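Please report on the salt bridges and the ligand site of this model. Keep it brief.

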Amino acid sequence: MTQALFDLGPTMLGPGAVLLPGFALDDAPALLAEVEAITAQAPLRQMLTPGGQTMSVAMSNCGALGWVSDRRGYRYDPLDPDSGRPWPAMPPLLLRLAQAAAREAGFADFQPDACLVNRYRPGDRLSLHQDRNERDFGRPIVSVSLGLPAVFLWGGLRRADRPRRLPLAHGDVVVWGGPSRLVYHGVLPLAEGSHPLTGAERINLTLRRAG
Ligand code: MD3
Ligand code: FE
């Protein structure tokens, strides 16, 4: 099943949005080992929204900048607010993978400085939002899905636009650029399950040029 999807190769989802099924499959065990090392230094934590709600998804970061949320708002910060230390460095393997994926999608010189690590457990969800904290929306976002599958919601440029549902499986990579960069998107509550490499978890890595 997964192999059949992989055989499809790059799939255009929309303007500037390219799905690369299974692009990270071979690197997945090494990527998950890197996530272990990152979260040993900068533990996963459930951040507070500016409105004071605890997010269900647990997050950490690697790279020069990390995405953080608290009562003061959303922003990128060079320091982990929980420790006061810089975020762990971006693993070279992750950087190379993201650059290769961006190149496949037509973005030749992607230089990410931030990688958000999202951990989902069954029931965890991400409500519909836009990613607007980065300096330049002309640059793409590369996302890597690992572990349990999820249903990604992919809407339009207005919150009210009815989202499409896109299943994302272990090893899938998506490049979001061009006109798709500012679409509303989210993730449905994660279904129960077990994956050989992650158990009852989904890990999503999003790489961005934030600064
Ligand atoms: C489309 N993460 O971290 S990845 C996020 O699965 C986020 O954890 C989701 O949305 C996750 O902000 C979705 C796919 C994704 C990421 C960023 C996008 C799709 C996007 C930005 C613009 C458009
Ligand atoms: Fe997002």
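## Terms and basis

Buried means under 20% relative accessible area, exposed means over 50%, and partly exposed lies in between (1.4 Å probe, protein chains only). The model is predicted: local features need pLDDT of at least 70, side-chain atom pairs count only at pLDDT 80 or more, and totals for chains, interfaces and linings use all residues. Residues are numbered from 1 along each chain as its sequence is written, chains are lettered from A and ligands numbered from 1 in the order in which they are written, and side-chain values use heavy atoms, with hydrogens and water left out.

## Salt bridges

The whole structure holds eleven salt bridges. The criterion is a side-chain nitrogen of Lys or Arg within 4 Å of a carboxyl oxygen of Asp or Glu. One of them pairs Arg-45 with Asp-80, with the closest N and O atoms 2.8 Å apart. Arg-45 sits in the loop between α2 (28-41) and β3 (58-62), and Asp-80 in the loop between β5 (73-77) and α3 (92-104), so this pair ties together parts 35 residues apart in sequence. Helices (H or I, at least four residues) and strands (E, at least two) are DSSP runs, numbered from the N terminus. Arg-45 and Asp-80 are both buried.

Glu-134 bridges to Arg-181, and here the closest N and O atoms are 2.6 Å apart. Glu-134 is in the loop between β7 (126-129) and β8 (141-147). Arg-181 is in the loop between β11 (173-176) and β12 (185-187), so the pair ties together parts 47 residues apart in sequence. Both residues, Glu-134 and Arg-181, are buried.

Arg-158 and Asp-161 also form a salt bridge, at 3.1 Å from N to O. Arg-158 is exposed, at 58% relative accessibility. Asp-161 is partly exposed, at 21%. Elsewhere, shared partners join Asp-131, Glu-134, Arg-181 and Arg-208 into one network.

## Ligand site

Which residues come nearest to ligand 1? Of the 19 around it, they are Asn-118, Tyr-120, Arg-181, His-185 and Arg-202. A residue counts as near if one of its heavy atoms lies within 4 Å. A polar side-chain atom of Arg-202 lies 2.8 Å from a ligand 1 oxygen. For Asn-118 the distance to an oxygen of ligand 1 is 3.0 Å. For an N or O atom in the Asp-131 side chain, it is 3.1 Å.

Taken alone, ligand 1 exposes 490 Å², and the protein buries 98% of that. Accessible areas come from the Shrake-Rupley method with a 1.4 Å probe. β6 (114-120), β7, β8, β12 and β13 (202-208) each supply at least two residues of the shell around ligand 1. β13 gives the most, with four residues.

Key:
Polar contact = N/O pair within 3.5 Å; in protein donor to acceptor, adjacent residues only side chain to side chain.
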